[in-house]
Amino acid sequence: MRYATLKTRMRRGDILAGTFLKTAAHDMVEVLATSGLDFICLDAEHAPFDRARMDACLAVGRAMGFPILVRVPDGTASELLRVLDSGAVGVVVPHVATPKKAADIAKWSRFGHGGRGYAGSSRWAGFATRTMPEVLAQSTEETIVIGQIEEPEGVAAINQIAATDGLDGVFVGPADLAVCMGLTDMNAAPVLDAMRTVAAAAKHHGIAAMTFTPNATSANALMEYGISTFFIGSDHAFALATAKQIAADVHAIKS
């Protein structure tokens, strides 16, 4: 099962390609699971995922052995519990700008006192078919916790954030960083400098460095910063780009 090895591959710096799923439909999970992508991330922060549709997408991912992360809206304990119990291999939490928030999301995503509530009857736990030691081991081996660094404060505190026990990766959010800096270009020098700083801290602390990028060409350029996991575009972007190209090609045909 690919979800069983994703955490190991991320943390050791393998080059990984995923995308954001913004269409809240389990059919899209089935399609993308055949694509060769290493993972997808349901964008519950910016797309209309209610609990039922998210549950259906995660059920298909589990059934196909396809790793699905979920970007949650806030990163509350109840949000993290819900998506992990439903079958997510991990969570992406926006606006992790302080070491405290990093510590909170790491604790709430793991079993233990003050952490994730234990339930052996969830989809993720195999519907009561596994023992408690097996479920606890699965959490240690599989569950991925990623903090998004989207504000200058997060960049300034990145060494403390990246050192957080239980944090598996940091995701640099170039769009939010640019906006917070008063810029309108994700490729502006201050944004790229911040990406280098975050990636260097991730490498130093042995966790994954990741970011959003629109295409493989851009991903290739960012590898020199030490970033190895890429959330490339989205299903919306893929569909639009292909449709635009097809329309242009057909309109160019001479009658």
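Which residue stands opposite Val170 in β6? That residue is Gly147, and we'll come back to its strand below.

## Before we start

This is a predicted model: local features need pLDDT of at least 70, side-chain atom pairs count only at pLDDT 80 or more, and totals for chains, interfaces and linings use all residues. Residues are numbered from 1 along each chain as its sequence is written, and side-chain values use heavy atoms, leaving out hydrogens and water.

## The strands around β6

Let's begin with strand β6 (169–172). Strands are DSSP runs of E with at least two residues, helices are runs of H or I with at least four, and both are numbered from the N terminus. Two strands count as paired if DSSP finds at least two bridges between them.

On one side, β6 runs parallel to strand β5 (residues 144–149), with 4 bridges joining them. β6 also pairs with strand β7 (residues 208–213), again in the parallel sense and over 4 bridges. Here Val172 stands opposite Thr211 in β7.

What about the faces of β6? Both are covered: Gly169 and Phe171 sit on one side, Val170 and Val172 on the other, and all of them are buried. Buried means under 20% relative accessible area, exposed means over 50%, and partly exposed is in between (1.4 Å probe, protein chains only).

Side chains of opposite charge can pair when their charged atoms come close. A salt bridge here is a side-chain nitrogen of Lys or Arg within 4 Å of a carboxyl oxygen of Asp or Glu. How many does the whole structure have? The search finds 15.

One of them joins Lys7 and Asp168, with the closest N and O atoms 3.8 Å apart. Lys7 lies in helix α1 (residues 6–11) and Asp168 in the loop between α8 (158–162) and β6, so this pair ties together parts that are 161 residues apart in sequence. Lys7 and Asp168 are both buried. They also belong to a network of salt bridges that links Lys7, Arg11, Arg110 and Asp168.

Glu45 and Arg71 make another salt bridge, their closest N and O atoms being 3.3 Å apart. This one links distant parts of the chain too: Glu45 is in the loop between β2 (39–43) and α3 (51–64), while Arg71 is in strand β3 (residues 68–71), 26 residues apart. Arg71 counts as buried because its relative accessibility is 8%.

## A partly exposed pair

Finally, meet Arg53 and Asp50, a salt bridge with its closest N and O atoms 3.5 Å apart. Arg53 has 38% relative accessibility, so it counts as partly exposed. Asp50 is partly exposed as well, with a relative accessible area of 36%.
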